Amino acid sequence: MEFWLISVPLDKISCQSLEKLKRVSAKTGLATSSRIHIPELKVGTLDVLLGVSDDLSRLDSYTEGVMRQTSQCLGEVMEEFSGKLLESMLVNGVDLATYVTRFQWDRAKYPTAQPLKTLADIISKQVSQVDTELKSSRAAYSHVNASIQSFERKTEGSLQTRALTNIVKKEDLVLNSEYLTTLLVVVPRMAYALWEKTYESMSKFVVPRSSRLLVEDADAGIFTITLFKNVIAKFKTNAKKHKFTVREYNLDEAEKQMQEMSRLTVNKKELCRTFVCWLKVNFSEIFVAWIHIKVLRTFVESVLRYGLPASFQAILLQPSKKNRKQLKQQLNSLFKHLDPAAATGKPDVGLDIPDGSSGQQEYFSYIFYPITIHLVDQS
């Protein structure tokens, strides 16, 4: 999604050129256009304007970065919706395109009676706070997610190494017996017959016909057998000779792991719910701040370029994807009178801005700021 915010002075030629641009764009489908209202702001001195111009340039890039991190994080948390993230995001109750095309200055958040420097500072503090909270919340969510993934990885892989927490149940074991216990033995699938013939004779005091298959995969199965505790060592030694592996298993430890996994799962759901809510609210806040920065930059550059008293008109264009070059040529042609050297020197300069960079990449005869909205990193 891309918009071009341009500004031209209110002289007769520029106003006529602007009206022609609207007619041509509508007739040929080059772009849709809408008037964007910029309120009267406190100008201050030339030094202040130059300083604010630099501050806003840096703040523009920083804010866009925080906005993209916020949306990227939302896409990661809501994986099933990440493909439609752009369409599902709302700002002040409306979609992004509607907010931009119907922009109104938020006087409650950014009082127009305040100096430009103060407005820039208000936005900077707001964005910085969101950035700090985002890093903290993202770290907490990532920690829980990583812990769950660590547990899940332990339940995957070979029966020789994977955790048995989700496989072995209490009823599979002999519990609370002074003399008897249960062993878990990994047997290769090709050796099932050998296992059945030999397990009872691997040591004394193996309970006859106690072998039972618990689970199997493509390579092996896990069998339980019951025997006396005092012959465990002998059984393990003989099992190893047949390449049968006795798995160590502690029921109490397994139950603790299950409880921890349940706790983490519940914690993740709660974190996810609150995190998604926080991300949506703060994405809206950051997006609003970002568009206000674009408007502030347009105001400041218009005053610096066109002089005082502030007399300019801002218009928002949404170019069609296939006609961006033609629209740029039309703009250069219509407004070349503002600075003939800029208009004729490099007519296609600044056309391609693939990363949505917020800085004014090249000099045009008119003021030009792209608003390129990429919510999720396509890489």
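Begin by selecting P309, which sits in the loop between α8 and β9 (312-319); helices (H or I, at least four residues) and strands (E, at least two) are DSSP runs, numbered from the N terminus. The peptide bond that joins L308 to P309 is cis, with an omega of about -5 degrees. Most residues other than glycine have a negative phi, and most peptide bonds are trans.

Before going further, please note that this is a predicted model, in which local features need pLDDT of at least 70 and side-chain atom pairs count only at pLDDT 80 or more, whereas totals for chains, interfaces and linings use all residues. Residues are numbered from 1 along each chain as its sequence is written, and side-chain values use heavy atoms, with hydrogens and water left out.

**Two positive phi values**

Next select N92, in the loop between β3 (90-91) and β4 (94-95), where phi is near 50 degrees, a positive value in a residue other than glycine. N92 counts as exposed because its relative accessibility is 53%; the classes are buried for under 20% relative accessible area, exposed for over 50% and partly exposed in between, with a 1.4 Å probe and protein chains only.

Then move to N176, in the loop between α5 and β5, which is not a glycine and yet has a positive phi of about 60 degrees. With a relative accessible area of 85%, N176 is exposed.

T181 lies in strand β5 and, at 17% relative accessibility, counts as buried. Select K229 together with T181: the C-alpha atoms are 5.9 Å apart in space, although the two residues are 48 apart in sequence.

**Helices packed against α8**

Now display α5 and α8 (residues 251-306), whose axes are 8 Å apart and which pack at an angle of about 155 degrees. Axes here are lines fitted to C-alpha atoms, for helices over the stretch in contact, and angles run from 0 to 180 degrees between N-to-C directions. The two helices, α5 and α8, are therefore roughly antiparallel to each other, given that angles under 35 degrees count as roughly parallel, over 145 as roughly antiparallel, 65 to 115 as roughly perpendicular and the rest as oblique. The crossing of α5 and α8 is left-handed, a term used if the near helix is turned anticlockwise from the far one by less than a right angle, with right-handed used if clockwise.

**Salt bridges**

For the last stops, show the charged side chains; a salt bridge is a side-chain nitrogen of Lys or Arg within 4 Å of a carboxyl oxygen of Asp or Glu, and by this rule the count comes to 15.

Select D60 and K294, a salt bridge whose closest N and O atoms are 3.1 Å apart. This pair links distant parts of the chain, with D60 in helix α2 and K294 in helix α8, 234 residues apart. D60 counts as buried at 0% relative accessibility, and K294 counts as buried at 0%.

D172 and R212 form another salt bridge, with 2.4 Å between the closest N and O atoms. D172 lies in the loop between α5 and β5 and R212 in strand β6 (residues 212-216), so the pair ties together parts that are 40 residues apart in sequence.

Finally, select E260 and R263, which meet in a salt bridge of 2.7 Å, N to O, and which both lie in helix α8, 3 residues apart, about one turn of the helix.
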